[in-house]
There are 2 protein chains.
Amino acid sequence: MRLLTVICLLAGLAVAPVARAEDGHDLWLRYRPVEASAGYAPAAIAPVADTPTLKVARAELERGLAGLIGAPSAQADRVILIGTPESSPAIARLTLPLKAAGDEGYLIRTVTVDGKTTTVIAGNRDVGALYGVFRYLSLIQTRQPVDNLNISDAPKVKLRMLNHWDNLDRTVERGYAGQSVWDWWKLPDYSADPRYVDYARANASIGINGTVLNNVNAKALSLTAPYIAKAGALADVFRPYGIKVYLSARFSSPIEIGGLKTADPRDPAVKAFWKAKADEIYKVIPDFGGFLVKANSEGQPGPQDYGATHVDGANMLADAVGPHGGVVIWRAFVYSHEQPDDRAKQGYSEFKPFDGQFRDNVVIQVKNGAIDFQPREPFHPLFGAMPKTNLGMEFQITKEYLGFATHLVYLGPLYEETLRSDTMAHGKGSTVAKVVDGSLDGRKLTVMAGVANIGADRNWSGSQFDQANWYVFGRLAWDPEASTRDIAADWARMTFSNDKRFVAPVVDMMMGSRETVVDYMTPLGLHHQMGRSHHYGPGPWVSGGERADWTSVYYAKAGPDGLGFDRTATGSNAVAQYAPPVGACFADLKCVDEKDLLWFHHLSWDYRLKSGQTLWDGLVTHYSRGVSAVDAMGRTWAGMAPYVDAERHGQVTDFLAIQKHEAQWWRDASVAWFQSFSKRPLPAGEAPPPHSLEYYEGLSFPYAPGI
Amino acid sequence: MRLLTVICLLAGLAVAPVARAEDGHDLWLRYRPVEASAGYAPAAIAPVADTPTLKVARAELERGLAGLIGAPSAQADRVILIGTPESSPAIARLTLPLKAAGDEGYLIRTVTVDGKTTTVIAGNRDVGALYGVFRYLSLIQTRQPVDNLNISDAPKVKLRMLNHWDNLDRTVERGYAGQSVWDWWKLPDYSADPRYVDYARANASIGINGTVLNNVNAKALSLTAPYIAKAGALADVFRPYGIKVYLSARFSSPIEIGGLKTADPRDPAVKAFWKAKADEIYKVIPDFGGFLVKANSEGQPGPQDYGATHVDGANMLADAVGPHGGVVIWRAFVYSHEQPDDRAKQGYSEFKPFDGQFRDNVVIQVKNGAIDFQPREPFHPLFGAMPKTNLGMEFQITKEYLGFATHLVYLGPLYEETLRSDTMAHGKGSTVAKVVDGSLDGRKLTVMAGVANIGADRNWSGSQFDQANWYVFGRLAWDPEASTRDIAADWARMTFSNDKRFVAPVVDMMMGSRETVVDYMTPLGLHHQMGRSHHYGPGPWVSGGERADWTSVYYAKAGPDGLGFDRTATGSNAVAQYAPPVGACFADLKCVDEKDLLWFHHLSWDYRLKSGQTLWDGLVTHYSRGVSAVDAMGRTWAGMAPYVDAERHGQVTDFLAIQKHEAQWWRDASVAWFQSFSKRPLPAGEAPPPHSLEYYEGLSFPYAPGI
């Protein structure tokens with residue numbers, strides 16, 4: 001046997017000598033051969049019903065098994081049976097307890113059929129079986145036993161969506177992974193790009209069931225017939241994978257492409273335009289998901305342009321898509337040009353009064369925090385505050401404010417921190433997760449959306465580790481209470497290696513990486529301290545310009561007296577937007593977590609932190625700790641070389657070097673800036689910034705990506 | 001043996017079951033296993049000297065042999081010996097006749113060394129050996145015997161260059177293959193992207209030895225220290241492959257990044273700026289190739305802004321890079337805003353008077369034709385007209401005017417037509433090729449440049465067949481007199497299949513494809529009839545706007561009386577810019593080739609073509625013939641399915657369908673437009689355009705790529 005293996009290996013070399021490129025394109029669906037010692041037995045696949053979704057489920061199972069343990073063979077002792085009771089008499093006969101699986105869940109059970117050990121992967125609908133197949137393969141990918149399975153699982157959130165901020169010219173707003181994956185120019189005529197299928201496979205593997213194709217800063221053109229056809233071609237590709245297509249709708253479209261003089265949502269002609277537009281779309285895309293709308297925010301048009309309200313706007317659109325089963329997802333990321341109030345308060349102020357007034361097929365999509373996807377923000381006060389409204393979560397997967405693609409930051413802990421925050425809306429245990437999954441107030445139309453980090457780069461997300469952020473987002477959308485440490489481990493195993501000498505240190509590194517970026521960018525509750533417009537690198541000195549709440553100084557409020565934004569009753573009183581016990585804690589220096597300190601309080605440079613350090617010394621210590629932690633990540637990763645192919649290992653190594661350099665830059669520039677106010681010496685052992693403040697202020701970055 | 005093979009194949013399937021994606025990324029370096037019947041014997045590679053270039057030569061040989069016929073093995077009967085006499089005593093002992101090989105050529109010979117059959121691949125310099133390795137592998141790739149070789153080859157042109165019109169924001173002007181391959185943002189810190197190496201391999205395999213990284217519409221920023229470092233990182237990757245890096249230089253850089261008030265080339269401070277800038281660049285890139293300059297053309301700054309001449313500008317820059325061995329490539333694509341003269345005449349008028357005045361390290365780079373990369377143009381009158389000047393050729397590889405990436409057009413015949421044109425400068429046989437290779441006037445510094453069609457798309461060039469245009473350009477730059485039919489065959493064999501049932505029809509299809517696009521876009525010498533600005537689709541009605549010579553009507557001059565641009569003595573007299581016998585022929589209706597008819601003549605709609613048809617009838621016939629020919633290409637390709645993998649076959653099929661649709665559109669829109677002047681009925685059997693002229697004129701294409 002040994003000799004034969006050698007001969008075959010040599011022959012194999014002769015036949016296919018060029019190693020498959022390990023460029024990360026396979027993502028976590030990297031079905032490489034399992035070591036024989038793991039002992040997985042070959043399997044046969046029982047006949048599968050001939051539906052589009054079950055066909056792709058079967059194909060995925062074949063592909064996965066062939067890659068992992070060898071091609072399915074009719075001669076194998078074990079059988080895998082996939083499908084639904086409806087389409088498979090064999091499954092129907094098993095009378096499985098499928099009720100809990102709902103529309104999209106599945107059961108995986110080891111049973112005996114005709115004397116043969118059979119793994120049945122069943123759903124009530126085809127897509128459940130597809131999800132089950134991915135789950136089954138992941139068990140082998142993560143080296144879990146599959147001999148005697150009894151798994152039941154179903155998603156807790158109804159709409160698990162990616163929001164692509166992709167423009168029609170293939171640029172991606174806040175995208176750091178190359179061009180848009182959508183080649184609009186060649187669509188709909190060329191929709192056979194294998195990348196579209198791989199995109200659908202990856203999403204289905206983590207349960208994502210919706211994708212908004214175009215930027216929320218939308219063009220009306222995307223709702224014209226040629227672009228509807230393009231979206232339709234993508235919808236056709238995605239449909240077998242259980243993924244619906246949505247479009248961002250520009251509110252002023254009735255004027256721009258409808259020939260009307262107004263977009264007032266109360267105007268009958270406007271209503272008729274949107275009805276007709278919805279009818280037109282559903283003719284091409286019968287399962288079109290609906291519209292995502294950014295209205296009256298950052299210059300986008302909206303109902304307020306006509307004295308109408310967000311309710312008027314959202315409900316009007318909801319009435320257009322409702323008859324077709326569509327939804328309207330209306331963003332709460334709204335802050336007024338006119339209102340001089342603390343920007344953190346404006347979303348709540350705008351939407352809270354409308355609770356209960358939106359149609360059943362409207363979802364208000366709220367960012368995790370009240371400012372904008374910062375390295376750390378307290379949870380948005382709207383969560384728990386609108387019990388009679390469908391409230392969706394919007395996370396950012398792309399790292400606009402967290403180092404773009406070249407900083408290794410696993411976002412799981414950020415997401416988890418928000419989801420596990422307790423709104424106290426109905427007393428203890430009223431977590432954000434329970435708002436998002438609808439259980440807190442018994443809501444059925446639930447949404448978790450992630451702003452995608454996907455582009456045409458070969459590795460999809462611009463770096464290897466950013467793939468983990470796509471992955472963890474999907475897993476949390478399926479179950480907002482899942483452990484992001486467990487998810488990190490699954491991802492690391494599926495993507496790189498099951499060797500425990502790899503998994504343990506890499507998961508630790510991932511789990512710590514978010515606190516690290518907070519430390520070197522915006523420790524102790526600081527926020528919005530990045531460079532103007534491109535949001536790259538430190539810019540604590542950013543001031544002036546179009547509006548105060550787009551500057552750094554507005555948020556840090558550094559002065560000779562101290563640092564931080566007073567959001568207590570003596571300041572903007574944003575704390576009052578939270579449930580009383582939560583707000584009281586945020587306002588109380590003895591209760592508030594120091595991670596949120598300067599978000600809620602303006603404090604003297606000499607304020608004593610729990611560590612005993614002054615605020616100034618503690619601030620500097622945090623920055624430096626962040627830099628050291630990146631150094632440590634580099635050392636950890638250097639030790640992973642034995643477990644990772646050279647190509648991916650090298651890329652991560654190079655990116656960690658960039659991150660090290662930039663973490664240092666963030667620390668130095670921030671220390672130089674804040675020292676100009678604190679006028680205090682650096683703590684002992686802290687090196688002074690190597691350049692003058694003017695040097696850091698003078699750096700410029702034309703052609704930064706993602707703008 | 002047969003059983004063993006089956007066992008191994010099964011085992012191989014179990015180990016590496018997922019087929020390598022046939023996405024075109026491998027280009028013509030697709031080293032797939034040769035059928036055993038071809039009888040290539042395994043080989044050993046003799047020890048190779050440890051230089052950067054010989055290391056990559058050896059790696060390529062190993063990779064190629066491993067893919068094609070099995071990994072090199074020390075036990076093999078045949079030996080391959082690569083290197084130079086200088087670095088290899090074994091090669092030195094052979095006393096090969098390497099004189100003709102020059103600096104970059106090679107010898108491939110079968111000899112006997114120590115009783116062993118040895119294939120020696122030798123150059124005077126390492127790069128020659130590298131080129132020889134690629135040639136040797138191509139012999140196997142195209143199934144030619146390698147048992148008894150005696151090949152000597154050397155490039156006829158000194159600088160064989162790609163010009164990338166790549167912008168610093170990663171857009172590509174006139175690029176139809178996605179973003180720029182240069183990820184400026186991550187350079188220089190991340191230069192390990194395997195794509196950079198694959199780019200260098202592909203270029204070296206066809207002898208390209210220079211690349212201009214940035215757009216001729218240049219930004220001064222590209223000459224600042226951070227961008228020089230980025231270019232330097234790429235130069236380091238490319239150096240082992242014999243490829244030098246060049247930069248497009250913005251003439252006004254002394255003002256924009258040098259703090260000067262002028263860019264006057266006669267100003268001492270300006271001269272000092274460029275000297276210092278050259279010194280700075282050469283410190284980072286010791287083998288920097290030099291500058292490419294677009295000056296006083298289409299709004300770009302230049303010496304004329306200060307009353308100085310092209311000679312002043314070019315020579316000043318030449319003096320800056322000259323001491324470092326650099327060159328200045330100065331584009332002759334110049335036409336004045338002020339001059340109302342026929343645009344086709346302006347390049348000649350501007351440059352001809354300066355013959356003999358440029359420095360030895362200046363090359364004037366002339367586009368193949370006098371307008372701008374049209375589907376067909378007569379050769380540029382500057383060829384042959386500046387015997388005392390280094391005159392380089394600029395071809396366009398990207399298909400700005402030939403259907404972008406989705407029309408199948410093999411450009412070999414276009415290049416060949418120009419290169420074989422006889423300028424008659426020194427009598428018969430004074431071909432453009434002999435101007436380009438320097439032999440006509442004994443010039444040493446020769447250039448052939450191609451405007452690249454390369455982008456970050458997985459298949460590099462936006463389509464499978466556009467790879468052939470990159471390939472044929474390189475092969476012609478090596479030997480401007482090569483047969484583009486032979487080159488097409490090599491490419492088709494290396495890229496797809498050696499099956500003669502594939503090669504013959506596909507080469508025929510490729511060779512006819514250029515005449516086809518001429519037929520459906522601009523037959524009989526018509527030119528510049530495309531849509532405004534994006535240059536996509538028909539736009540014969542384009543008129544008005546910024547300048548007349550950016551419109552279609554300026555060039556077609558359609559009227560009730562007829563069609564065409566009179567460039568004879570009764571018109572612009574552009575014919576006088578050619579050598580007398582050439583110009584006389586162009587001017588003579590009895591002599592001029594009908595393919596150039598309307599380029600030189602304005603003729604009545606009733607003018608009799610050689611076919612006996614009237615001009616109007618013939619024009620319509622040409623358009624329709626183009627459409628039919630695309631149809632035929634579709635049928636040919638459909639029959640190629642047995643010889644091509646499904647992924648690439650499907651993509652080409654889908655693109656041919658797009659081309660069919662768009663060829664019809666070109667025909668219909670053009671016929672509708674010109675019929676509004678000719679007022680004549682269509683020839684019998686010709687279908688009227690299905691839409692009104694207004695319909696065609698009303699089509700718009702926002703977000704067309706490449707602008």
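## A hairpin to start with

How many bridges join β3(A) to strand β4 of chain A, and do the two run parallel or antiparallel? Seven bridges link β3(A) with β4 (residues 116-122), and the two strands run antiparallel. One pair to look up in this predicted model is A:Thr112, which stands opposite A:Thr117 in β4(A). The hairpin these strands form has two residues between them, and A:Asp114 takes a positive phi near 50° there.

Strand β3 of chain A (residues 106-113) has another partner to visit: β5 (residues 150-153) of chain A. This pairing is antiparallel too, over four bridges, and in it A:Tyr106 stands opposite A:Asp153 of β5(A). As background, the strands of a sheet pair through backbone hydrogen bonds, in either a parallel or an antiparallel arrangement.

## The barrel of chain A

Now for the barrel. In chain A, eight strands close up in the order β6-β7-β8-β9-β10-β11-β12-β13, with parallel pairing. Neighbouring strands of this sheet are turned against each other by 25° on average, ignoring direction. Helix α11 of chain A (residues 412-419) packs on the sheet, where it touches β12 (391-396) and β13 (447-451) of chain A. The direction of α11 makes about 155° with that of β12(A).

## The barrel of chain B

Chain B holds a closed barrel of eight strands, running β6-β7-β8-β9-β10-β11-β12-β13 with parallel pairing. From one strand to the next, the twist averages 25°. B:Ile364 is the residue standing opposite B:Leu391 in β12(B).

Helix α11 of chain B (residues 412-419) packs on the sheet as well, in contact with β12 and β13 (447-451) of chain B. Its direction makes about 155° with that of β12(B).

The model scores ipTM 0.95 and pTM 0.96. Chain A has a mean pLDDT of 96, with 97% of its residues at 70 or more. Residues 1-18 of chain A are another matter: the pLDDT there is below 50, and the stretch has 14 contacts in the model beyond near neighbours in sequence. Where pLDDT is low, predicted coordinates should not be read in detail.

How values were computed
Residues are numbered from 1 along each chain as its sequence is written. Chains are lettered from A and ligands numbered from 1 in the order in which they are written. This is a predicted model: local features need pLDDT of at least 70, side-chain atom pairs count only at pLDDT 80 or more; totals for chains, interfaces and linings use all residues. Side-chain values use heavy atoms; hydrogens and water are left out. Two strands pair if DSSP finds at least two bridges between them. Axes are lines fitted to C-alpha atoms, for helices over the stretch in contact, and angles run from 0 to 180 degrees between N-to-C directions. Contact means heavy atoms within 4.5 Å. pLDDT is the predictor's confidence in each residue, from 0 to 100.
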